[in-house]
Amino acid sequence: MPTAFITGITGQDGAYLSRLLLGKGYRVVGLLRRSASSDVVGERLRWLGVLDQVELVDGNLTDLSSLIRILQACRPDEVYNLAAQSFVMSSWQQPLLTGTVTGLGCANLLEAVRIAAPETRFYQASSSEMFGKIQEERQSERTPFYPRSPYGAAKLYAHWMTVNYRESFGLHASSGILFNHESPLRGIEFVTRKITDGVARIKLGLARELSLGNMNARRDWGHAADFVDAMWRMLQQDKADDYVVGTGRTVTILDFCRLAFGYAGLNYEDHVVTRQDLMRPAEVEVLQADATKARERLGWQATVTLEQLAAEMVEADLARHRRRARD
Ligand code: NDP
Ligand code: GDR
């Protein structure tokens, strides 16, 4: 039975990746950072019905010795580094923390792998935010980077460290440059989930308005379940490499509002207001993936459409609010 070690296992992607790997017969070990609110830990894993099938071990991405000890103890075949301060907006408020966790955290884990488990295959969760102020209309592995936030800059450092450890030490270290991917398990602060949660509240009479920032930014949105499959495929390749993963379709925030509100039989124009304080100091205006390499080499492509994704998210938020009202 192969063993996978996942940092960020309690996040959106960690939960979907755990379910995927368990389904393939893996033993799944996940990094758990200590929290005072331990009663809500593992909610996403529970939602997918896999919480009792994964092993959670104490540690932190910023604590190198904890990572070394964990790798020595569990001897993983594959390591997935998904942990990060992943909310772009917060990265302007907490740039140093973001650099420490999202950037240096990856270097810590690469060091731990080099020291304690150099045969392990390594995956780094790189991001389309590294393209930032885009230098090509569609972004591929060859597109120059131009990060526009402390988060993007931290991810770029982590990305190049992954490439560097592959080239310097021969680690099987791959980097997935993933475009936005969402699901009912998306954090509530991200725009798609904020919108579908807002739609559910408005539909059920719990709210009348939804405040948003820049409605004209464009994103290439897919479903997280599809995207974690691309991560796994990367680590099954003989040679480690970097891959862009995205759907290739880009739409505005406004388009997503139209879809999500429309699905619930509502008109977004009656409910959405824009607020200046939700605008970013520097915006990534548009992202659109060219995932040709992932399609050709990994046989990967998105299976869930944006319409299906929005519908699934609205349904899940309606169900959550109905359940809360009952309890
Ligand atoms: P989430 O924000 O949902 O999850 C982040 C995870 O990181 C959580 O498990 C969190 O733990 C953990 N974490 C944060 N800080 C630490 C720390 N110091 N030590 C250990 N664990 C920590 O992110 P997603 O699942 O959406 O994304 C997964 C990864 O992919 C992230 O690195 C993200 O930046 C990247 N990415 C995401 C994309 C997306 O569209 N979702 C696109 C491209 C890249 P806790 O539960 O305790 O907070
Ligand atoms: P992003 O996701 O920054 O692309 O990063 P987010 O959903 O936060 O923003 C997407 C776009 O929506 C605009 N926007 C708003 N965003 C939020 N959060 N809240 C609002 O009210 C709002 N109104 C408009 C933003 O300005 C932006 O243009 C995500 C994260 O998962 C990163 O970790 C990951 O690396 C990238 O996707 C790819």
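Begin by selecting S66, which is buried at a relative accessible area of 7%, where buried stands for under 20% relative accessible area, exposed for over 50% and partly exposed for in between, with a 1.4 Å probe and protein chains only. You are looking at a predicted model, in which local features need pLDDT of at least 70, side-chain atom pairs count only at pLDDT 80 or more, and totals for chains, interfaces and linings use all residues. Residues are numbered from 1 along each chain as its sequence is written, chains are lettered from A and ligands numbered from 1 in the order in which they are written, and side-chain values use heavy atoms, with hydrogens and water left out.

Stay with S66 and show helix α3, residues 64-74, in which S66 has its place; helices here are DSSP runs of H or I with at least four residues, numbered from the N terminus. Setting aside residues up to four places away in sequence, S66 touches G59 and N60, contact being heavy atoms within 4.5 Å. A polar atom of the S66 side chain also lies 2.7 Å from the backbone oxygen of D63.

Next, colour domain 1 (3-182 + 223-245) and domain 2 (191-219 + 249-286 + 304-326) separately, with bounds that come from an automatic or database domain assignment. Their C-alpha centres lie 27 Å apart, and 14 residues of domain 1 are in contact with 17 residues of domain 2. Between them the two domains bury about 1400 Å², 58% of it on carbon and sulfur atoms, buried area being the accessible area (1.4 Å probe) that two parts lose on being put together, summed over both. On the side of domain 1, select M89, E182 and H223, which lose the most area to domain 2 and together make up 36% of what that side buries.

How many salt bridges does the rule find across the interface of domain 1 and domain 2? The rule finds one there, a salt bridge being a side-chain nitrogen of Lys or Arg within 4 Å of a carboxyl oxygen of Asp or Glu.

Finally, select T196 in helix α7, residues 191-203, where T196 is buried with a relative accessible area of 0%. Leaving out neighbours within four places in sequence, T196 is in contact with F256, A260, A310, M313, V314 and D317. Show the side chains of T196 and D317 together, since a polar contact of 2.7 Å joins them; such a contact is a pair of N or O atoms within 3.5 Å, where, within protein, one must be able to donate a hydrogen and the other to accept it, and residues adjacent in sequence count only if both atoms are side-chain atoms.

Note on methods
Helix = DSSP H or I, 4+ residues; strand = E, 2+ residues; numbered from the N terminus.
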